[in-house]
Amino acid sequence: TTSKPPFPELDFRSGARVEELNKLIQEFTKHDQREYDDQRALEIHTAKDFIFSMLGMVQKLDQKLPVANEYLLLSGGVREGVVDIDLDELNVYARGTDYDMDFTLLVPALKLHDRNQPVTLDMRHSALCHSWLSLRLFDEGTISKWKDCCTIVDHINGATNYFFSPTKVADWFYESISIVLSEIQKKPQRGMPKVEKVEKNGTIISIILGVGSSRMLYDIVPVVSFKGWPAVAQSWLMENHFWDGKITEEEVISGFYLVPACSYKGKKDNEWRLSFARSEVQLKKCISSSLMQAYQACKAIIIKLLSRPKAISPYHLRSMMLWACDRLPASYLAQEDYAAHFLLGLIDDLQHCLVNKMCPNYFIPQCNMLEHLSEDTVMLHARKLSSVRSDPAEHLRTAIEHVKAANRLTLELQRRGSTTSIPSPQSDGGDPNQPDDRLAKKLQQLVTENPGKSISVFINPDDVTRPHFRIDDKFF
């Protein structure tokens, strides 16, 4: 007997063929994740070299920044949702038109790294997931250095309390970077990146560098860095999570940040937002490639669709993905050909969050990140998402066309401005026997030899030509 061939798997809501959606997601991924040749890799490291050198010079201006600082470099700009910062104050930059690659660099202005117990923050004046920061936690030298970047509160008993101000810190940082870049450009060196744009976007500083035929966007965020874990997120550690047994708790809770962002009704001059960016880097290792592909495709759709009014950011979507990882079996999420199911699920999740005006922060679930939105705004976005859910294939094709157009713009720029080789910014003053791609090769070697480990780069402001690598607690 001959049996009928199985009917192709369909999405009940839209009637789209799941196989076609999977192919569209694969095509989006192919165009979105470009492979870099040696020349492009060198241009990326040349730009990073320049940014690190610039920050070393900022430290030397007035010694405000810590001498041995530890930056967290994230792939993707703030607009891509790599950190939880409001996007409504940021100028719109488009890949292909304004830049080719984007990064976020968290730069600690202050560090509290000597604590083994849970960190207790002053949250009396602020909304959940936010905090003020009193300089009483620091020594007199630190207070005198940063006084001009604080708001001052006098108590009845005559004591004066200095609260570290995110807006004043951002103003100081932008002015300092502008001074340093002005000095650097007075004495240009061979192969030095061209500074195409320096803008203050709210409390972050956006720099676009031209290196050879590439344009790199760096969103630089002044932060307060902590070792350990905040007391307000302690209960989260008691729950079961998708990463249990895959990475250690020590890796997940190694540190957190305060980023310069306030709550909807908070005081901008005083309020910082808790950020778990360091933990998220570790958790990302435990997310399957098919779920990540669905997330990137979904993000591309919502960035365009839900841009006005700004209410939903890619960071909300990232939080929903982490909750989904906790909710669903790991064996299900590991299925390689389920990207279409994951995409449709993420859209459904996002719509559910909007309709219920509820999106819990992954690390502090009692914090609802959509609480401040109006009913009109959430329903407007929910209706827009309903149109995506009714025809996901068409919205995927549009996302593919956008990323292909951005890549064409990049290639056109490369054809017009391509150069044969890009030496490192410090090449004129360095060791003539040392190759220009020394940083790139050293970093590649360390990454290859230390899979899954945390690699940090320290910069000595008295010798900005030499990077100092740390892998876990070992220095190179």
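**Close-up views of a predicted model**

View 1. Where does the second largest pocket lie? Domain 1 (1-33 + 287-411) and domain 2 (38-133 + 166-286) both give residues to its lining, so the pocket lies between them.

View 2. Helix α4 covers residues 166-186. At 1.5 Å a residue, its 21 residues should span 30 Å. The end C-alpha atoms are 30 Å apart, which agrees. Which residues of α4 are buried? They are P166, T167, V169, A170, W172, F173, S176, I177, V180, L181 and I184.

**View 3. Helix α7 also gets a length check.** Helix α7 runs over residues 289-305. Its 17 residues should span 24 Å at 1.5 Å a residue. The C-alpha atoms at its ends are 24 Å apart, in agreement. Buried residues of α7 include the charged K299. Also buried are S290, L291, M292, A294, Y295, Q296, A297, C298, I301 and I302.

**View 4. Strands β7 and β8 form a hairpin**. Strand β7 (residues 194-201) and strand β8 (residues 204-211) run antiparallel. How many bridges join them? There are seven. K197 has I208 in β8 as its bridge partner. Two residues sit between the strands, and G202 takes a positive phi near 65°.

Methods. Residues are numbered from 1 along each chain as its sequence is written. This is a predicted model: local features need pLDDT of at least 70, side-chain atom pairs count only at pLDDT 80 or more; totals for chains, interfaces and linings use all residues. Side-chain values use heavy atoms; hydrogens and water are left out. Helices (H or I, at least four residues) and strands (E, at least two) are DSSP runs, numbered from the N terminus. The expected span of a helix is 1.5 Å times one less than its number of residues. Buried means under 20% relative accessible area, exposed over 50%, partly exposed in between (1.4 Å probe, protein chains only). Two strands pair if DSSP finds at least two bridges between them. Domain bounds come from an automatic or database domain assignment.
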